[in-house]
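Visitor: Hello! Could you walk me through the charged pairs here?

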Amino acid sequence: MTEAGYPVLSSLIFFPLIMCLALAFMRHDGLVRVVTLFASLAQVLLALPLLAFDPALGFQFVEHAAWVPQWGLSYHLGVDGISLLMVLLTVGILPLCVLCSWTYIGKRVKEFHICLLLMTAACVGVFVALDFVLFYVFWEAMLVPMYLLIAVWGGPERRYASLKFFLYTLAGSTLLLVAIVAFFRAGGTFSIPELMAGSYSFRFQFWAFLAMALAFAIKVPMFPFHTWLPAAHVQAPAAGSVLLASVLLKMGTYGFLRFCLPLTPDASAYFAPLMIVMAIISILYGGFVALGQSDIKKLIAYSSVGHMGFAMLGIFVFNQRGIEGTLLVMLNHGIVTGALFMLIGLIYERSHSREIADNQGLGKFLPAYMAFWGLFALASFGFPGLNSFVGEAAVMIGAFQHSWLVGAFVVPGAMLGAAYMLRLSLKMAWASPASPAGKGWLDLNTREWVYLAPLAVLTVWLGVAPGMVLRTIDPAIERLLSDFEAKRQVVMIETAAEARPVPSILAAIGLDARNDGPSPATLRTKENAR
Amino acid sequence: VNLNLRPELLVPELIILLALLALFVQTLLPRARTATAAGSGGWVAYASVAAAIAAAASIGQSGTMFYGSYQVDGLSQFFKLVVAVGLAIATHNAAFGRTPELAAEKRPDYYMLLVMSAFGLMLLTSSVELMTIIIALEISSFSLYALVPLRAEKPEAAEAGIKYVMFGAVATALTLFGLAYILAEHHSTYLAVLAGRDFGFTSAPLAALGLVLFAIGFFYKLALFPFHFWAPDVYDGASNETAAFIATLPKLGAVVVLVRLAATMGPALEIATVLAVLGALSMTLGNLMALAQKDIKRLLGFSSVAHAGYIMIGLVAGTAEGLAAASFYALVYLVMNLTIFWVVCRASPSGRNLELDDLSGMYSRAPVLAFVLAVSAFALVGLPPTAGFTGKLFLFASTWGRGFDWLIIVAAVNTAISIFYYLNMVRYAYTREPDEGEQAMARPHLWANAFGLLLAVGILAIGMLPGSVFELAAMAGQQLLP
């Protein structure tokens with residue numbers, strides 16, 4: 001761990017909060033927009049020192065201060081290869097969100113921008129917190145502004161959608177708090193790096209994994225916990241959908257990588273088959289349901305379920321390629337789906353409808369719009385040469401390395417992606433316009449070019465030259481996996497030693513038929529037998 | 001053991017007693033004169049602040065008085081501080097709103113009863129002898145019985161008053177019954193003597209039963225299931241300002257006695273299981289019932305039933321940490337509730353009971369109060385970074401691994417249940433359009449905003465930097481269970 005020269009990460013958390021306070025005293029809507037835009041650009045500048053990140057080292061830019069000494073809580077921040085990209089994505093997406101809401105948001109402008117800034121602060125906090133309670137504080141703190149974004153500025157069904165979002169995510173994470181407290185009793189600390197160094201009994205891991213996985217799986221969202229997502233996505237304003245897709249969903253997979261694998265390695269391995277099955281169902285289910293949508297936003301929302309299924313799959317195949325793929329999918333899905341939601345918001349401002357039927361045949365009238373749409377749509381289903389291809393290909397390689405059966409199930413998922421995206425894009429580009437209204441719509445203006453272009457550049461660049469990203473994340477993944485394997489062995493040996501007299505009995509009654517080391521399944525039998 | 005009077009340790013009580021005497025004199029004055037500014041009772045808040053300062057200054061001192069029945073220690077001074085702060089906020093709340101449903105000439109009586117109840121609670125924090133505890137409890141309760149019906153021309157208020165006094169009388173009877181059992185078994189009413197004695201269900205069934213019965217009086221004050229039936233009705237019937245008081249301060253008295261009992265009877269307290277079961281039922285039923293409420297005070301009534309259950313978590317831990325966490329949570333509970341009642345009282349200048357619908361559009365008419373409402377509601381849920389979260393975290397962390405893990409899981413699940421109705425208040429305030437009818441809320445006074453904001457900042461500050469406040473509670477816990 002290395003210390004930072006000045007508190008880079010704290011500044012990323014507190015600068016938006018200070019700007020929120022400043023905004024609270026402004027009255028003019030235009031001023032609020034301009035100030036937030038400049039604040040978000042300043043936030044990007046504040047994040048630049050993070051580029052000095054050295055992949056070879058562990059946690060960097062570490063800040064450590066006592067918080068509540070009586071309980072051993074500390075204000076402990078740091079980034080490593082797993083969280084760095086997410087922090088940059090969170091910070092980078094903010095100015096684009098401000099720009100894409102410039103005309104989209106007409107009421108309660110000040111409150112809207114305060115919510116955006118609060119979201120950013122909390123999301124950065126989630127990715128950089130190295131104290132378990134601090135993590136939980138940021139994790140929950142982000143719910144309120146996101147709830148308000150949907151509930152106040154959302155579509156006609158906003159009350160239902162926002163409530164569902166809030167209930168689902170908060171209900172899921174209450175047991176996470178219990179798991180945190182249990183880790184405190186078991187490990188004697190709330191510090192994440194220190195907890196990672198400890199090892200825990202299988203029984204403990206089993207329950208801790210379930211409690212944490214529920215919170216994270218809801219956030220991902222994984223089938224069958226995904227139902228809040230389409231509702232929230234469809235009703236949220238454009239910037240809200242972008243934040244949801246680009247940042248919020250990533251917290252779920254980040255949680256699995258940061259907590260489940262290092263803290264509960266045995267339980268992760270034990271539950272891996274279940275998680276893989278759920279990930280595959282997510283991929284296929286998301287794809288099939290997306291195929292049947294007539295609402296563009298709902299279609300993209302379901303496609304998110306599928307893409308996040310890829311990310312989950314990559315984690316639970318436990319190999320270098322798979323987790324590399326997960327991190328790449330997290331980043332690229334953030335870029336591409338964020339861009340698609342911006343484009344949907346943009347056409348919604350023109351047509352006031354999200355139905356495919358009302359937004360057909362745009363190729364002739366809005367060529368620049370359709371060009372961007374085409375690029376991001378191709379990227380979304382993993383067209384070679386664009387960014388998503390790299391991530392999904394890595395996950396697939398990882399899946400085939402794990403087992404050809406898993407790999408075989410993923411292939412149709414990737415094909416489904418192409419099917420629903422092409423169906424949608426062809427209609428939007430070339431079908432005959434539903435009404436002559438489309439002819440009067442203006443193509444992209446300068447502001448819209450400005451917020452789409454950076455994402456388009458990243459899409460192509462990360463597609464042809466992913467090496468830069470891989471160099472950043474690879475050492476962190478190697479460390480994660482080697483720790484994971486090492487700890488699994490420790491616990492296995494301990495558990496085997498504890499349960500020494502049992503195997504003979506199990507063997508005698510034929511339960512322990514294949515005696516090639518204690519596999520997770522036999523571990524459980526032993527656990528039950530005791 | 002002797003009288004051993006040390007007045008320097010009693011400054012907080014004496015300040016409150018002086019205020020009480022002044023109010024008593026005021027009630028004797030001709031009625032016309034009490035309708036003036038001094039009669040509005042606003043000055044009582046200053047006296048309470050003085051008492052709070054005195055209590056804060058006396059932290060760290062200790063002594064035993066009145067033949068060993070009255071003890072000044074870390075726990076008593078912590079709770080005296082909290083009671084004084086609570087009294088200051090509650091009386092300021094009543095005085096600022098000018099108690100709209102109370103005739104002007106009754107105001108001195110009203111404040112006298114409020115202060116008398118708080119005085120009883122202050123005595124309760126220091127009582128370490130069972131008879132003294134009951135007397136202090138009754139001083140506090142009797143004045144409340146008279147307070148509840150003080151609401152002009154409202155038969156509901158009289159009904160609530162009768163309900164309160166009937167339930168209270170039964171609870172007190174059970175408490176005295178329990179006292180008799182304890183006395184019969186162990187021949188003493190001093191907690192210090194009882195400390196080492198046996199309270200096992202099998203070894204000393206009479207004493208164990210006596211202890212449970214004795215605790216019932218305090219379960220009733222705390223509105224713990226199954227002694228909670230009065231809470232929603234009384235909150236509903238009493239005026240908003242009175243409800244703000246009843247919902248908060250008397251619970252402190254109950255918590256302090258239960259903390260003392262839990263500490264004295266030792267970590268291996270067998271009735272802890274009873275506390276845990278009642279706590280679990282209380283939080284579950286309280287939250288489920290609150291889900292169905294439309295009236296805000298009834299909703300908060302059931303919410304207080306649920307919170308009484310949460311406090312049990314710290315009591316069953318049997319450690320100094322657990323007692324400290326329970327005391328800290330009592331403080332947090334007081335601040336959260338007084339804050340939300342501040343908003344409710346301001347949103348209802350006429351003093352009528354509010355429905356959820358009445359909060360509609362608060363964001364546009366009273367944006368600051370809407371923010372304060374949101375902060376206090378999210379604090380009641382236990383959402384970070386508010387004090388409600390730290391309170392719950394400390395409760396969970398102190399009790400996990402002490403044999404009551406199931407209770408913590410029940411509490412966590414309950415948090416999930418409770419989100420809906422707390423969030424609902426925020427939903428009405430922020431996402432509904434304002435009601436343009438006659439009942440619509442007027443723009444609030446500047447001070448209403450400023451004081452509400454102060455309370456909200458307090459909730460956030462205790463949530464984000466709980467260290468120094470928790471230190472006081474931790475000291476109290478350490479003294480009780482070294």
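This is a predicted model: local features need pLDDT of at least 70, side-chain atom pairs count only at pLDDT 80 or more; totals for chains, interfaces and linings use all residues.

Visitor: How many salt bridges does the structure hold over all chains?
Guide: Good place to start! The count covers a Lys or Arg side-chain nitrogen within 4 Å of a carboxyl oxygen of Asp or Glu. Over all chains, the number of salt bridges is 13.

Visitor: How many residues apart are A:Asp295 and A:Arg354?
Guide: The side chains of these two meet in a salt bridge, 3.7 Å from N to O. A:Asp295 sits in the loop between helix H12 and helix H13 of chain A, while A:Arg354 sits in the loop between helix H14 and helix H15. The pair links distant parts of the chain, and the separation is 59 residues.

Visitor: Is A:Glu448 buried or exposed?
Guide: A:Glu448 forms a salt bridge with A:Arg350, with the closest N and O atoms 3.0 Å apart. A:Glu448 belongs to helix H18 and A:Arg350 to helix H14 of chain A, so the pair ties together parts 98 residues apart in sequence. Buried means under 20% relative accessible area. A:Glu448 has a relative accessible area of 2%, so the word for A:Glu448 is buried.

Visitor: Which residues are linked with B:Lys163 in a network of salt bridges?
Guide: Let's begin with one pair: the side chains of B:Lys163 and B:Asp233 meet at 2.8 Å, N to O. In the network, B:Lys163 is joined by B:Glu159, B:Asp233, B:Asp236 and B:Arg298.

Note on methods
Residues are numbered from 1 along each chain as its sequence is written. Chains are lettered from A and ligands numbered from 1 in the order in which they are written. Side-chain values use heavy atoms; hydrogens and water are left out. Helices (H or I, at least four residues) and strands (E, at least two) are DSSP runs, numbered from the N terminus. Buried means under 20% relative accessible area, exposed over 50%, partly exposed in between (1.4 Å probe, protein chains only).
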